[in-house]
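Dear colleague,

Please find the structure below, handed over for your records. My notes on a sheet and a metal site follow it.

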Amino acid sequence: MPELPEVECLRRSLEPHLLGRRIVSAELRRSDFCTVSPGYPRGSPPGELLLAGAVVKAMHRVGKHLALEADDGRVLEIHLGMSGQVRVHEDGSAEEPDRHVHAMWRLGRDHRAGAVMTLRDPRRFGGLWAFRSLETLHSERWCVVGPDALTIEAQTLASRLQHTSRAIKTTLLDQAILAGVGNIYADEALFAAGIHPQRPARRLSRAEVDVLANVIRSTLANAIQAKGSTLRDYADANGQSGESQLMHHVYGRGGEPCSRCGTVLKSIVLAQRTTTFCPACQPRNPGRTPAGTRSRARM
Ligand SMILES: [Zn+2]
């Protein structure tokens, strides 16, 4: 599933194709793939919802949410869900779209004629959200999204963790608390911070939260540098896969030795997601039995 680094890489790879460019026409191939803001009159044509006729003025991202802002004020949010892919074919060579392509855009000729952008999402957990302005995007949808994880400050994170007794791993996945971290980067950040995934969020010391905020930012920034993680089918707007998965220390590595200490990595299920961690580097009761047999036995 694309997380913040993959969505940010998509944004960066889309910008050269889209900024300042006119969307000549747009086709919504599945009407239930686009959620329409109440600000639009009922029955607004799909092309209008998908920014047809407008020039793309800006691209915005918070967490895993990406939005295109048009010069006439209209805004279209793209969410990739589990398997969404946005691809630009500058030569217009998009093969005949299959049933998983839910939206298509024809782009203006300021670059080259006939360029096509497609949104493909086989599992359909993603979607489009159409708004008449940036203000309505924020007031109707992004208002419930937490602060962006790429720039999270320790003070902000501390204040958002202190009221929840949920496990820290579960809390980091809550997009209303912190936006952009999913299963991969939550496991990687907790490993880097040496924090056990099941510890209650509000019990973390301020020093631990300082470290955690730091490693969340650096883990995400490093993943962006590596062009994101490609596990199954993620690729950017040009079809380029990422290489961040080669840097994963714990995610998907349950049963393998810890890269730091050699202890066998353990996998458990938390909030219906597989969580992998090192029982020695991430003790359940830090300070009481540092990396000792007792804390390991309590797993
Ligand atoms: Zn370890």
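Strands β6 and β8 (residues 116–120) pair in the antiparallel sense over five bridges; strands are DSSP runs of E with at least two residues, helices DSSP runs of H or I with at least four, both numbered from the N terminus, and two strands pair if DSSP finds at least two bridges between them. Val86 has Leu119 in β8 as its bridge partner.

This is a predicted model, in which local features need pLDDT of at least 70 and side-chain atom pairs count only at pLDDT 80 or more, while totals for chains, interfaces and linings use all residues. Residues are numbered from 1 along each chain as its sequence is written, and side-chain values use heavy atoms, with hydrogens and water left out.

The open sheet has four strands in the order β1-β7-β8-β6, with antiparallel pairing. Its edge strands, β1 (23–28) and β6 (85–89), each pair on one side only.

The zinc ion is coordinated by the SG atoms of Cys258, Cys261, Cys278 and Cys281, at 2.2 to 2.4 Å; donors are N, O and S atoms within 2.8 Å of the metal (3.2 Å for Na, K and Ca), and water is not among the atoms, so sites may look incomplete. Along the chain, the donors follow the spacing C-x2-C-x16-C-x2-C. Cys261, in the loop between α7 (206–225) and β10 (266–270), and Cys281, in the loop between β11 (273–277) and α8 (293–297), are 20 residues apart. Cys261 is partly exposed at 37% relative accessibility, whereas Cys281 is buried at 15% (buried means under 20% relative accessible area, exposed over 50%, partly exposed in between, with a 1.4 Å probe and protein chains only).

Yours sincerely
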